[in-house]
Amino acid sequence: MLALAPKLRLYPVLLPDEAARGRRTRVALRRRHITPVTQMVVLAAVLVLPAIAYVHQTAAAARTGYAILDLRQDIRALQIENADLYADVMHLRAPDRIERIAVRDLGMLPPVRQQVASLEIAPPTVAVRPARVSWQERLRGLIVGREAAAAESR
């Protein structure tokens with residue numbers, strides 16, 4: 001049997017010189033194609049994420065508004081309760097009520113005229129200015145007076 005020798009086909013190739021070779025490698029870089037699935041995911045993220053953020057922000061603002069409303073209602077209820085308690089305290093502190101309880105429940109009597117005494121208050125006296133202290137006495141008081149002040153403070 002005879003075997004046929006494979007036929008080789010030769011094609012001429014033009015090799016670029018060195019200066020053109022650097023430019024071609026930059027140009028020859030292939031652009032990477034984005035798959036349609038990736039495009040859809042990116043488009044969905046660009047369109048949906050801002051909408052989700054807006055809805056979340058609106059819901060958070062509404063929750064905060066309701067919390068503020070609840071707190072204002074609590075404040076109003078506490079103010080009303082405080083006013084009621086203040087009125088009760090004023091009623092309990094009324095002098096005629098205290099006198100009535102003292103006479104009826106405790107058996108006390110109103111004071112007789114001889115039991116009430118009045119005191120005269122003397123007019124205020126004029127304050128005496130202390131004598132002027134020299135700087136030597138102040139310095140001596142700072143140095144010597146510290147021990148006495150420390151002993152007295154115990």
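The predicted model averages a pLDDT of 83, and 82% of the residues score at least 70, pLDDT being the predictor's confidence in each residue, from 0 to 100. Among the elements of the protein, helix 2 has the highest mean pLDDT (95), whereas helix 1 (residues 18-27) has the lowest (56). Because this is a predicted model, local features need pLDDT of at least 70 and side-chain atom pairs count only at pLDDT 80 or more, while totals for chains, interfaces and linings use all residues. Residues are numbered from 1 along each chain as its sequence is written, and side-chain values use heavy atoms, with hydrogens and water left out.

The protein has four helices and zero strands, where helices (H or I, at least four residues) and strands (E, at least two) are DSSP runs numbered from the N terminus. Helix 2 has 57 residues and reaches 83 Å from its first C-alpha to its last, close to the expected 84 Å, a span defined as 1.5 Å times one less than the number of residues. A kink of about 25° lies at Val48 in helix 2, shortly before the proline Pro50; the bend is the angle between axes fitted to the seven residues ending at a residue and the seven starting there.

Buried residues (under 20% relative accessible area, with exposed meaning over 50% and partly exposed in between, for a 1.4 Å probe and protein chains only) make up 2% of the 154 residues in the protein. Val46, which lies in helix 2 (residues 36-92), is exposed, with a relative accessible area of 54%.

By the rule that a side-chain nitrogen of Lys or Arg lies within 4 Å of a carboxyl oxygen of Asp or Glu, the count comes to one salt bridge. The side chains of Asp105 and Arg104 meet in this salt bridge, at 3.2 Å from N to O, and both Asp105 and Arg104 are exposed.
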